[in-house]
Amino acid sequence: MPFFPPHTPILERFNAMGHIESLLLDGQRHFFGHDPLTDRIVSPLIQDPSEMAEFAAQWMRGHAGPRDAASWLTDIHAATTRSRRWPTPLVVEERDRMAVEMALRMAAQHDIPSPFDVQDNVVDLLHAVYGDIADGRLQAMFDWAVALDQAGEDDEPLGWAFDVIHGVRPAPVTLSHRDVAEALRHCMGSLADADVGNWISVFGAIIRSCDAIAATPFPTPAQVSQTLAADRPFEVVGYADVVNKVPETSLFHRADDESLRPDQQIVLLIDGDLHLDRLDLDDPLARWRQPDADVVLPWFILVTGNVVIEQHLWSLETDGACGLVVLGHLTARNAIVGGQQIHVGGNLTIEELYWGDYNHGCLYVEGDTTAALLIQTDYHMDLVGKVSCLKRVDDLDELDGDELMKMIATDCVMQAEPEPAPEWSLNATAMLERLEAGHSVICRDALEHPDPPFTIPSLFADANVSPENFLRLSDPDLLPEGSCLHSFQRDGLDLTVMAYLSEEHRIPRRAILIKDIARNIGVSFTQEPATAPWSWRDVVSLRRPQRGWVLLKATCDNLDTPDADWVAVDGVTFTPAYTALILKGWAAFLEWASYRHWAACQIPADRVRGLLALPVAAPYDDYTDSDRNGLWVGSFHAAFRQQRIGADGEVHHPILRFSRSRYCRDSDQHTMESFYYDLERCQDGQERVRVRHLADQDSEQAAIPLDAEGGPRLVEAVRLFHRAAGYLEKVNAALLEGTPPFHATDDAFAMRHWRDRGYLPR
């Protein structure tokens, strides 16, 4: 008797040609059949591999025709580690489904791009299970977007609609985010009766919420007011009641487009000053709301006067909280916020900490800003007036854990990632607990008396122009192989150090050249060995000749001519202009040698060689191709150039480049900052690392050698190297265990290379 499995195809998708995929749903592995020709899912979710195999044998067929359960079972086991439809096997968790529900709700209620991130996997699965769900209304919107070239004909309405409510694509003219979100919710709400088997466990809550929300109108200001205590310091109004009071510089100002005004949204209006001990922007109505009333989140609070918060204002929900618009001044002890705009028309005064977190929130201050500690983590600040603070931090990546804990209470700092790539973050919940207990979250004494900045140690015992210093300055470990000299620029000077043999007598010489091109003058020093005069008394006494060094000096005052005249200088006296040039140039030489030596010690050449040789780096073999030169590891982009000989015969030395996105406060833009770690073979035969820096990858400028500049930027280059290298080694270890780098799954050439080498299953 044939075996009939307990599962049947969904939506009568019988005899489909396809393959097996897997889904990790809330930590539980499931399997399902997928038809690649129609991009439709044909089976319910099945946990047992044997049952999945029996289903496929009964209701599906392979490319060559029907298959038995045993052959399907092989595909089922392979589906746990690879996918034929998606870059990797699918993972969907409860938070992913909640994100869809909240994204639809927020876009429909607030008529702004949703701050909630919806995973593409969820949208892809929704489309593959239910098919084309667009009704006439959503289809018409999509067609209008195609006509405006805001969508492509190869797109599909469902994915386009989710892109619109996230702000990835613009809403077509005459339509708002709310229009698209409501059309999308209406389409999804109509799926309640679709027979999709146990896929309803994945999408049921979303569909039911769409159906229920569509039937439940948003409460009016009068209805909200009835649920609040009479002593509340604000009036509950609609947006239409305050639209003319909202400053044009606020994100809440929509007077330029009446079709986008969310007139039905709740606004709290204080016509005058507001004085509170605390302000919770996650739920500003909580302290006045009746116990049995529904929770309503106002769109924003508008205060026409000044605001004084005796203790702190906060929002832990950085994806979407109540906004605050103050036409006057805002004063508070602490502000821990994110998920909304805080707009201040006057001055902002924060006694201790202002921390703005995440890119779904921002701060605008028309007047002056004063705070002890000002921190922004992926958060935008537009501070028009003067900014006064003890410390301002634009990026936590610039600080390690020890530095953070010198500014912030230890229990408010947490290590988000372990070694070898530690990552530090701040704990907003712990901060609120400290504040509620009456404790400060900042270390004011450390902020007022910071540690002196790290200084790179000098390679020299003193700064004298001595034979010993001259020799160390031009030692083989500092000069490149195949060249007798090294040149660099520093503070308007052209500087060259040389070690060579004289042409006539083959005498070893060490020389430095200092040029001030702007002033058209230069000076050179050449040191060569010399033997002291030898008398007959020395011969009789059997004394050996005394060997020493002689210093030859020359100056030039016509550098701009083709045949510049270098005039030998006797004695030790120079004119003031040359004396100043010598002092400035000699100090630059000593610093250059110290920086160069320190960086080479901090970043061993064999560590860079090892990173370039990692299996994860191997497929990225084209340094000139931005798509094939590297990959993202954590918050860094790693690019690789292996040593090779070019078509012109030139040797291309190895390079490891680490880049990161960096916020520039002056331009209010994010740039791609890069550090280059070049391998250079020196005259002593050893490889050493030389560091270069490029502030903006998109600029036309060349990378700057940091061994000439030194200072904080070179120190940062060393710190960043070890952090990024730790990430790269961590990603490589995961690859060797069978997990590809997260950001590389779309790189087909890399995935193919790793599969060919056996690091990933086929």
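Author: W199 is buried, its relative accessible area being 0% (buried means under 20%, exposed over 50% and partly exposed in between, with a 1.4 Å probe and protein chains only). The model is predicted, so local features need pLDDT of at least 70 and side-chain atom pairs count only at pLDDT 80 or more, while totals for chains, interfaces and linings use all residues. Residues are numbered from 1 along each chain as its sequence is written, and side-chain values use heavy atoms, leaving out hydrogens and water.

Rings of Phe, Tyr and Trp (its six-membered ring) pair if their centres lie within 6.5 Å, with planes under 30 degrees apart counted as stacked, over 60 as edge-to-face and the rest as tilted. This rule gives 22 aromatic pairs. For F32 and W199, the ring centres are 5.3 Å apart and the planes stand at 75°, which means that the pair is edge-to-face. The two residues, 167 apart, link distant parts of the chain: F32 belongs to strand 3 (residues 28-35), and W199 to the loop between helix 7 (177-189) and helix 8 (200-215) (DSSP runs numbered from the N terminus, helices being H or I of at least four residues and strands E of at least two).

Elsewhere, Y239, F252, W299 and F300 make up one aromatic cluster. Rings also meet charges: the charged end of R67 lies over the ring of W72, 4.3 Å from its centre, and that of R692 over the ring of Y676, 4.5 Å from its centre (NZ of Lys or CZ of Arg within 6 Å of the ring centre and within 35 degrees of the ring normal).
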